[in-house]
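I opened my notebook to look at one protein chain. I wanted to read its layout, its confidence and its side-chain pairs.

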Amino acid sequence: MPWMETISLLVLLALAWFWFDSFQARAAGMAAARAACAAENLLLLDDTVALGGLRPARDDNGRLRLRRVYHFEYSDTGDNRRQGYVTLLGSDLLLLHLPHAPAPRLRVVASGSEQVH
């Protein structure tokens with residue numbers, strides 16, 4: 001087999017591996033975002049995550065893996081959109097961030113003769 005065909009075949013195999021690995025990581029990111037939103041009683045908007053960053057990083061065993069950051073939007077009231085993100089190392093969850101404002105506090109205002117239960 002000529003060297004150009006060998007290199008082309010290796011490049012195609014590397015691209016196929018990257019596509020499959022990215023597909024698995026995205027599925028892991030979606031599962032983490034869905035679970036976090038469900039646990040916090042939030043709405044996951046658009047039911048998707050979008051790749052926000054990709055770079056090589058080392059895991060705890062020193063192996064080189066791809067670190068991916070996926071962004072997603074969620075809502076706490078249904079009327080707003082907030083940004084969250086999931087950070088994965090390979091397909092392993094590193095960090096899930098759901099920044100949200102504290103829930104509005106309700107005040108009960110009653111006149112002096114009314115009782116509040």
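My entries follow, grouped by topic.

**Entry 1: Layout**

I noted before anything else that this is a predicted model. I then looked up the elements. The protein chain has one helix and four strands. Read from the N terminus, their order is α-β-β-β-β. The chain has 117 residues, and 25% of them count as buried. The chain exposes about 8700 Å². Carbon and sulfur atoms supply 59% of that area. Residues 24 or more positions apart account for 40% of them.

**Entry 2: Confidence**

The average pLDDT of the protein chain is 85. I found that 84% of the residues score at least 70. Which strand has the highest confidence? It is strand β2 (residues 64–75), at 94. Confidence is lowest in strand β4 (residues 92–97), with a mean of 91. Residues 104–117 are another matter, as their pLDDT is below 50. In the model this stretch has two contacts beyond near neighbours in sequence. I wrote myself a reminder: where pLDDT is low, the predicted coordinates should not be read in detail.

**Entry 3: Aromatic pairs**

How many aromatic pairs does the structure hold? I found two. A pair of aromatic rings is described by the distance of the centres and the angle of the planes. I looked up both values for each pair.

The rings of Trp19 and Phe23 have centres 5.9 Å apart. Their planes meet at 15°, so I logged the pair as stacked. The cut-off for stacked is under 30 degrees. Trp19 and Phe23 are four residues apart in helix α1 (residues 3–39), so about one helical turn separates them. Both Trp19 and Phe23 are exposed.

The other pair is Phe72 and Tyr74. Their ring centres lie 6.3 Å apart and their planes are at 45°, so this pair is tilted. Are Phe72 and Tyr74 buried or exposed? Both are buried.

**Entry 4: A nonpolar patch**

I looked for nonpolar side chains on the surface. Trp3, Met4, Ile7, Val11, Leu12 and Leu15 form a patch there. Together they have about 670 Å² of accessible area. Leu15 sits in helix α1. Why does Leu15 count as exposed? Its relative accessibility is 52%, and the cut-off for exposed is over 50%.

**Entry 5: Salt bridges**

Side chains of opposite charge can pair when their charged atoms come close. I counted eight salt bridges in the structure.

I started with Asp21 and Arg68. Their side chains meet in a salt bridge at 3.1 Å, N to O. This pair links distant parts of the chain. Asp21 is in helix α1 and Arg68 is in strand β2, 47 residues apart. Asp21 counts as buried, at 14% relative accessibility. Arg68 counts as buried too, at 1%.

Next came Glu73 and Arg81. Their closest N and O atoms are 2.6 Å apart. Glu73 is partly exposed, with a relative accessible area of 22%. Arg81 is also partly exposed, at 48%.

Which residues do salt bridges with shared partners join into one network? I listed Asp59, Arg63, Arg65 and Asp92. Within this group, the side chains of Asp59 and Arg65 meet at 3.8 Å, N to O. Asp59 is buried, with a relative accessible area of 13%.

Ala31 is found in helix α1. Ala31 is partly exposed, with a relative accessible area of 43%.

At 15% relative accessibility, Ala36 counts as buried. What does Ala36 touch, not counting residues up to four places away in sequence? Ala36 touches Leu96 and Leu98. Ala36 and Leu98 are 62 residues apart along the chain, with their C-alpha atoms separated by 8.2 Å.

Note on methods: Residues are numbered from 1 along each chain as its sequence is written. This is a predicted model: local features need pLDDT of at least 70, side-chain atom pairs count only at pLDDT 80 or more; totals for chains, interfaces and linings use all residues. Side-chain values use heavy atoms; hydrogens and water are left out. Rings of Phe, Tyr and Trp (its six-membered ring) pair if their centres lie within 6.5 Å; planes under 30 degrees apart count as stacked, over 60 as edge-to-face and the rest as tilted. Helices (H or I, at least four residues) and strands (E, at least two) are DSSP runs, numbered from the N terminus. Buried means under 20% relative accessible area, exposed over 50%, partly exposed in between (1.4 Å probe, protein chains only). Patches are made of residues with over 30% relative accessible area and no salt bridge: like charges are joined within 9 Å, nonpolar side chains (Val, Leu, Ile, Met, Phe, Trp, Tyr) within 5 Å. Accessible areas come from the Shrake-Rupley method with a 1.4 Å probe; for residues, only the protein chains shown count as cover. A salt bridge is a side-chain nitrogen of Lys or Arg within 4 Å of a carboxyl oxygen of Asp or Glu. pLDDT is the predictor's confidence in each residue, from 0 to 100. Contact means heavy atoms within 4.5 Å.
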